[in-house]
Amino acid sequence: MHDNEHTSHHEESFIRKYIFSLDHKTIGKQFLIYGLIMFFLGGGLALLFRWQLAYPDKPLPIIGASTEYMEEGEVVTGADRMWERIYESEKEEWLEVNMPNGVVDPAFYNMLFTMHATVMVFFVVVPILVGAFGNFLIPLMIGTRDMAFPILNMLSFWFAVLAAVIMTIGFFVPGGHAAAGWTGYAPLSSDAQWTGVEWGQILWGLSLFVQGLSSLVGSINYITTIINMRAPGMTFFRLPLVIWSLFIVAILLLLAFPVLSSAIVLLVFDRLAGTTFFTPTAEGGGDPLLWQHLFWFFGHPEVYILILPGMGIASELIAVFSRKPIFGYRSMVYAMIAIAFLGWIVWGHHMFQSGMRPGLGSVFMTTTMLIAVPSAIKTFNWLGTMFRGSIRFTTPMLHGIAFVSMFVIGGLSGIYMANTPVDIFIHDTYYIVAHIHYVVFGGSLFAIFGGIVFWFPKMYGRYMNDTLSKIHFWLTFIAFNCTFFPMHILGVGGHMRRISNPMQYEFLQGFEGMNIFITMSAFTLGFTQLILVFNFFWSIYRGKVAEQNPWHVNTLEWEAPTPVPHGNFVQIPTVYRGPYEYSVPDEEEDWIPQARPEHAPATSGD
Amino acid sequence: MAQNNTEVHERPPLSNARLAVLVLLGAETMLFSGLIGAFLVFRVGNVTWPPPSHIGIELPRVVTGINTALLLLSGYTMFQAHRAIQKNLVKQLRSWLLITGVLGLLFLGVQGSEWVQLIRNGLTLQSGVYGGIFYVLIGCHALHVLTAVIWLFVVFGMAIVGRFSAERYVGVDTCTIYWIFVVALWPILYVLVYLL
C-alpha cells in the first residue's frame with residue numbers, strides 16, 4: 001500500500017538527487033564515475049614511468065617537448081610559449097623538482113609506481129567493483145527498495161571522496177608523495193630519512209585510514225541488507241552469484257581493513273609521535289617485519305577482495321550469454337567461501353624473502369597451493385557452463401571470456417610464485433608484475449568493463465554503442481597482452497621491478513627492445529580507455545534506448561522498470577526459482593525469470 | 001525506507017540495527033587483534049619485559065585492578081538497564097543508564113590520572129615500544145570507552161524524553177551490545193598489558 005508513494009516521482013532538488021543522494025543507484029553511479037576518474041589518474045602515472053623504463057633519462061613527450069625553453073628560457077616555438085605560461089604559474093617548482101627538463105627523476109619514479117598501485121587498488125578497482133556494482137546491484141538483485149541504511153551508504157561515498165582528496169593533496173606537498181611502494185614497507189615508510197618523503201607518507205596513511213572507514217560503513221550496510229532484506233522466496237541459495245561474491249567480499253573487507261588501519265595507526269605514530277614500532281633501537285625498539293605481517297594479513301584478503309566480485313560478474317555474464325544454467329551453482333558458492341577462508345592463512349607467501357623463519361615458508365606454501373583447488377573448480381565450472389551452450393558473442397560475453405582466460409594465466413603464474421624455491425628467483429622481478437596485472441587487470445578490469453556494458457541499459461536506460469564497445473574490447477585485449485605478457489620473460493630474465501633505469505645494469509641492456517615494445521603497448525592500452533569513457537558519456541545521452549530486459553536475463557534487477565525509479569520495483573517481486581534457469585527443456589523461451597510464478601521443474605540452486 | 005520494507009518481508013530474527021552493530025563488532029575485534037598482535041610481537045621479541053632501560057617504571061596494577069572492577073560493574077548495570085526496559089520500567093532504565101554512564105566516566109578519570117602519573121615517571125610514547133604500544137593500545141580502548149559513554153548519554157537523553165518502551169528499545173539494545181563489547185575487551189587487555 002506504500003507502493004505508490006515510491007513510484008510516484010517526487011521531485012528532489014539537484015543537490016539531493018545527484019550529489020548528496022540517498023538512493024543506492026545514484027550512489028552506485030557516483031562510485032562508478034569516481035572510479036573511472038581515478039582510473040585515469042592511476043593510468044597516467046603508469047604511462048609516465050613506462051616512458052622512463054623504455055627511454056631512460058630522455059625527456060617526456062609533451063611535458064619535455066620544449067627543452068629549449070627549459071634550458072635556455074628562450075621563447076622560440078609555440079611549445080616554448082606554452083611552457084612559458086605553465087612555468088610562470090605556481091606549478092613551476094613542482095615540475096622542475098620532479099621532472100627536471102622533462103625527465104623523470106629517480107625519486108619521482110619511486111613515487112610514480114607507489115601511487116600507481118595505491119590508486120589502482122584502493123581508488124579504482126575496489127570502488128568500482130564493490131562500491132559501484134555492490135550499491136547498484138545488491139538491492140535490485142535481492143528484490144528490495146534500497147539499502148538497509150541509506151544515510152550510511154551516502155557517508156560511505158563521501159568518506160571515499162575525502163580519502164581521494166587527501167591522497168591527491170599528497171602529490172603537491174614538499175617532499176613529494178609516498179614512495180615506499182604501495183605496500184609501504186617499514187622502515188622505508190616509517191622514517192623520512194630513507195626516502196626523503198615527509199608529509200606524503202603520512203597523508204598516504206591518513207587517506208587509507210579514511211578509505212577504511214568508507215569500506216567499513218559500506219560493508220556493514222551490504223551485510224545487513226543481504227541478510228535481512230531479501231525479497232520473499234529469495235533464499236540464500238537462490239541468490240545470483242555476483243551477490244554471493246559481494247556478500248563474501250563485504251565480510252572480507254569488514255575483517256581485513258581494520259588490520260591495515262591498526263598498522264597505519266602504528267606507522268603514523270612512528271612518523272609523528274616519535275615511537276619506534278618499526279625501527280629496532282637500543283632502548284627496546286620495534287620490528288620492521290611486524291609491518292609486513294600486519295600489512296599482508298590485510299593485503300592477501302585484499303587480493304581476493306579485488307578478484308571475487310570479478311568472478312561473480314563473470315559468472316553472470318557467462319551463464320546469461322551461454323543460455324545455460326551455471327555449471328555447479330553450489331560448488332561455485334562453496335569455492336568462493338573456500339577462497340575467502342584460505343585467503344586469511346596465506347599472507348606469509350608475500351614474505352618468503354623477508355627473513356621470516358624458513359620453516360614457516362613451507363607452511364604458507366602449502367596453504368597457498370590449496371587455493372588452486374577452489375580456483376580450479378571455478379574455472380572448470382565456467383568452462384562447463386560454456387560447453388555446448390548456445391553462446392552469444394555479445395560485448396559483455398567477450399569480456400567474460402577474456403576474464404576467464406586471463407585469470408587462468410594469472411592463476412597459473414601464481415602457482416610458480418607460491419613455490420618457495422621458485423619464488424626466491426622470481427621474487428621482486430617483473431614476473432610478479434605480470435602476475436598481478438593478469439589477475440587484477442586481466443581479471444577484475446575485464447569483469448568491470450563487461451559489467452559496465454552489461455548493466456548500462458539498466459543504469460541509464462540506454463545501450464552503449466556496440467561498435468565502439470567492441471573496438472574498445474579488442475584493442476584492450478590485444479594491447480593488454482602485448483603489455484604484460486612480455487613481462488613474464490623480463491622477470492625470468494632477472495629484470496628487477498621498481499628500478500628507474502634498467503640500462504644501468506649490463507645484463508638488462510638486452511631487454512631494451514622489449515621494454516620499448518611494452519611501453520608502446522602500454523600507451524596504446526592507455527589511450528584505448530579513452531574510447532570507453534567517450535562511449536560511456538556519449539551513450540548516457542545519445543545511446544539507443546533500451547527495453548526493460550534487453551539480454552533476456554532471469555535475475556530480479558531486470559524486473560524493475562527502466563530507468564529504475566526511486567524505490568526500484570512497482571511491487572516487490574516474489575522469487576520462485578534459482579537465478580540461472582536458462583534453456584529449460586519443454587519451455588517456450590530459453591529463460592525463466594526468478595519471479596515467474598508458474599510451476600516449472602526447478603533446476604539449479606533449489 | 002527500512003520500515004517500508006518490512007511490509008513485504010517476514011520479520012528477520014535480528015533487526016537491521018542490531019545486526020549492523022554486531023557486524024561492526026567484527027571489525028572492532030579485528031582492529032584490536034592487529035594492535036594486540038603487535039603487542040605480542042614486542043612482548044615475545046623481548047626477553048625481559050619491560051626492557052632493561054625501563055626498570056623502575058611500574059604500571060599501576062592495583063589501581064587498574066580496581067578500575068577493572070568498576071568497568072565490569074558498569075557492564076552489570078548496563079545489563080540491568082536493558083532488563084528494565086524489557087519490563088517497560090522506564091524510570092529504572094533511566095537510573096541504571098545514569099549509573100552506567102557515571103561508572104564509565106569514572107573509569108576514564110582513573111585511567112587519565114594514571115597516565116599523568118606514568119608520564120611524570122618518565123614513561124612516554126617515545127620510550128621504546130614498551131611505552132609506545134602501552135599508550136596506543138590502552139588509548140585505543142579508552143577512545144572506545146569514550147565513544148560508548150557518549151553513545152550512552154545520547155540514549156540516556158532519549159530515555160528522558162521517553163522514546164523507549166518494552167516494544168521499542170532498539171536504541172538501548174544496540175548501545176548495550178557495544179557497551180558489553182567494550183567492557184568485555186578490557187579484562188583481556190588488563191591481563192596482557194598489566195599482569196603478563
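Two residues are in contact if their C-beta atoms, placed from the backbone, lie within 7 Å. This tour uses that rule throughout.

The model is predicted, and local features need pLDDT of at least 70, side-chain atom pairs count only at pLDDT 80 or more, and totals for chains, interfaces and linings use all residues. Residues are numbered from 1 along each chain as its sequence is written, and chains are lettered from A and ligands numbered from 1 in the order in which they are written.

**Stop 1: chain A as a whole**

Chain A has 19 helices and zero strands; helices (H or I, at least four residues) and strands (E, at least two) are DSSP runs, numbered from the N terminus. The C-alpha trace of chain A spans about 75 × 60 × 45 Å along its principal axes. The radius of gyration is taken over C-alpha atoms, and the globule rule is 2.2 Å times the number of residues to the power 0.38. For 606 residues a compact globule would have a value near 25 Å, and the 25 Å of chain A agrees with that.

A residue is buried if 20 or more other C-beta atoms lie within 10 Å of its own, exposed if 12 or fewer, and partly exposed in between, with C-beta atoms placed from the backbone. By this rule, 54% of the 606 residues of chain A count as buried. Of the contacts in chain A with a separation of 6 or more, 81% are between residues 24 or more positions apart.

**Stop 2: helix α12**

Select residues 288–322 of chain A. This is helix α12, with 35 residues, and it reaches 51 Å from its first C-alpha to its last. That is close to the 51 Å expected at 1.5 Å a residue, where the expected span is 1.5 Å times one less than the number of residues. Now pick W296(A), where α12(A) bends by about 30°. The bend at a residue is the angle between axes fitted to the seven residues ending there and the seven starting there. Colour the helix by burial: 32 of its 35 residues are buried.

**Stop 3: the nonpolar core**

A nonpolar core is a set of buried Ala, Val, Leu, Ile, Met, Phe, Trp, Tyr and Cys residues joined through C-beta atoms within 7 Å. In the largest such core, of 236 residues, I243(A) and L308(A) touch the most other members. Helix α7 (residues 106–142) of chain A gives the largest share of this core, 25 residues. Select L308(A) and show its surroundings. Leaving aside residues up to four places away in sequence, L308(A) touches S245(A), I248(A), V249(A), M336(A), I339(A) and A340(A).

**Stop 4: G410(A)**

Go to helix α15 (residues 395–418) of chain A, which holds G410(A). Is G410(A) buried or exposed? G410(A) is buried, because 21 other C-beta atoms lie within 10 Å. Not counting residues up to four places away in sequence, G410(A) touches H435(A), Y438(A), V439(A), G442(A) and G443(A). Draw a distance from G410(A) to G442(A): their C-alpha atoms are separated by 8.0 Å, and the two residues are 32 apart along the chain.

**Stop 5: backbone details**

Most residues other than glycine have a negative phi, and most peptide bonds are trans.

- A186(A) and P187(A) are joined by a cis peptide bond, with omega about 0°. P187(A) lies in the loop between α8 (150–169) and α9 (192–195) of chain A.
- W49(B) to P50(B) is also a cis peptide bond, with omega near 0°. P50(B) is in the loop between α2 and α3 (61–86) of chain B.
- H552(A), in the segment after α19 (512–542) of chain A, has a positive phi of about 60° although it is not a glycine. H552(A) counts as partly exposed, because it has 15 C-beta neighbours inside 10 Å.
- N568(A) is in the segment after α19 of chain A and has a positive phi of about 70°, although it is not a glycine. N568(A) is buried, with 24 other C-beta atoms within 10 Å.

**Stop 6**

Select chain B, which has six helices and zero strands. Its C-alpha atoms fill a box of roughly 65 × 35 × 20 Å along the principal axes, and 35% of its 196 residues count as buried.

Now show both chains. Which residues meet? 34 residues of chain B are in contact with 39 residues of chain A. On the chain B side, α1 (2–5), α2 (16–45) and α5 (128–161) each give two or more residues. The largest share, 16 residues, comes from α2(B).
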